[in-house]
Amino acid sequence: MEREKALEILNKYVKNDFYITHSLAVEAIMRKLATKLAPSDVELWGIAGLLHDLDEECSNWQEDMSNHGPKSIEILKKENFGNDIIYNAILAHNPLNGKKASNDIEYSLLAADPMSGFIVAIAKGYPDKKIKSVKVSSILKRFKETRYAKGANRDYMASIENTGITLEEFAELSLEALSEIDNILEL
Ligand SMILES: [Fe+2]
C-alpha cells in the first residue's frame with residue numbers, strides 16, 4: 001500500500017544503489033524503533049526512514065546543507081504523498097536546515113540515520129564483513145572512539161535517549177533490524 005508508493009517515489013528520484021540501500025537500512029531501524037515507541041505507526045515510521053534522503057541527488061546539499069530536507073518535502077508535496085508527521089521527521093533529521101527534533105519519531109530518525117552507517121562501517125571492518133558478526137558491545141565501544149567513523153554523528157545517535165530508549169537498547173534494536181535485512185545490505 002503506502003510503503004509501495006514510497007518505494008516507487010524513492011526509486012524515481014534516487015538512482016545511486018548506495019542511497020537506496022542506506023534508505024532501506026534506516027527504514028528497518030525506524031520500524032524496529034516504532035514497535036517499541038509507536039506500535040500502531042510502524043509503517044509510518046518506516047516510510048519516514050525510507051524517504052529521509054529523497055533529495056540526496058537533487059538538492060545541491062554539497063553547496064548548502066540547509067537544502068537537505070526542505071527539497072524532499074517539496075518533492076513529496078508534488079507527488080501528493082506523505083503528511084506533516086513524515087515531513088517534520090525528514091526535516092529534523094538534518095538540523096542544519098533549521099528544524100530541531102522535538103518528538104519521538106523525529107529523535108528516532110535523527111539517531112537512526114547515523115546509526116545505520118555506523119553499524120555498516122563496523123561490519124565492513126571485520127574479516128567476514130557480516131552484520132551478524134557485530135556485537136552490541138563493539139558498537140558501544142566504537143561509539144566512544146570519536147575518531148572512528150567520524151561521519152557518524154554521535155550527538156545525533158545519542159538523541160535517541162530523548163525517547164526513553166537507552167543508547168545500549170538502541171544499538172541492540174538497530175543491530176537486530178539490520179541483521180534481518182543483511183541479504184539486502186549484502187553484508
Ligand atoms: Fe541518511
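This is a predicted model: local features need pLDDT of at least 70, side-chain atom pairs count only at pLDDT 80 or more; totals for chains, interfaces and linings use all residues.
The secondary structure of the chain consists of 10 helices and zero strands. Read from the N terminus, the order of elements is accordingly α-α-α-α-α-α-α-α-α-α. The C-alpha trace spans about 45 × 35 × 30 Å along its principal axes. Buried positions account for 44% of the 187 residues. When contacts between residues at least 6 apart in sequence are considered, 65% of them join residues at least 24 apart.

Helix 2 takes part in two helix pairs that were examined in detail, one with helix 9 and one with helix 6. Such a pair of packed helices is described by the angle between the axes and the distance between the axes. Helix 2 (residues 17–37) and helix 9 (residues 167–180) pack with their axes 8 Å apart, at an angle of about 125 degrees. Helix 2 is therefore oblique to helix 9, since an angle between 115 and 145 degrees falls in neither the roughly perpendicular nor the roughly antiparallel class. The crossing of helix 2 past helix 9 is right-handed. On the helix 2 side, the residues that meet helix 9 are Ala25, Ala28, Ile29, Arg31, Lys32 and Leu33. Their counterparts in helix 9 are Leu173, Ser174, Glu176, Ala177, Leu178 and Glu180.

For helix 2 and helix 6, the axes are 9 Å apart and the angle is about 130 degrees, so these two helices are also oblique to each other. Helix 2 passes helix 6 in a right-handed crossing. Helix 2 contributes His22, Ala25, Val26, Ile29, Met30, Leu33 and Leu37 to this contact. From helix 6, the residues involved are Asp104, Ser108, Leu109, Ala112, Asp113, Met115, Ser116 and Val120. Ala25, Ile29 and Leu33 of helix 2 meet residues of helix 9 and also residues of helix 6.

In helix 4 (residues 70–78), the buried residues are Ser72, Ile73 and Leu76. These three lie on the same side of helix 4, because the arc they cover around the axis is only 100 degrees. Lys77 and Lys78, on the other side of helix 4, are exposed. The cover over the buried residues of helix 4 includes helix 3 (42–51) and helix 5 (84–92). Helix 4 is followed by Asn80, which has a positive phi near 55 degrees.

Definitions and conventions. Residues are numbered from 1 along each chain as its sequence is written. A residue is buried if 20 or more other C-beta atoms lie within 10 Å of its own, exposed if 12 or fewer, and partly exposed in between; C-beta atoms are placed from the backbone. Helices (H or I, at least four residues) and strands (E, at least two) are DSSP runs, numbered from the N terminus. The arc is that of the directions from the helix axis to the C-beta atoms. Two residues are in contact if their C-beta atoms, placed from the backbone, lie within 7 Å. Axes are lines fitted to C-alpha atoms, for helices over the stretch in contact, and angles run from 0 to 180 degrees between N-to-C directions. Angles under 35 degrees count as roughly parallel, over 145 as roughly antiparallel, 65 to 115 as roughly perpendicular and the rest as oblique. A crossing is left-handed if the near helix is turned anticlockwise from the far one by less than a right angle, and right-handed if clockwise.
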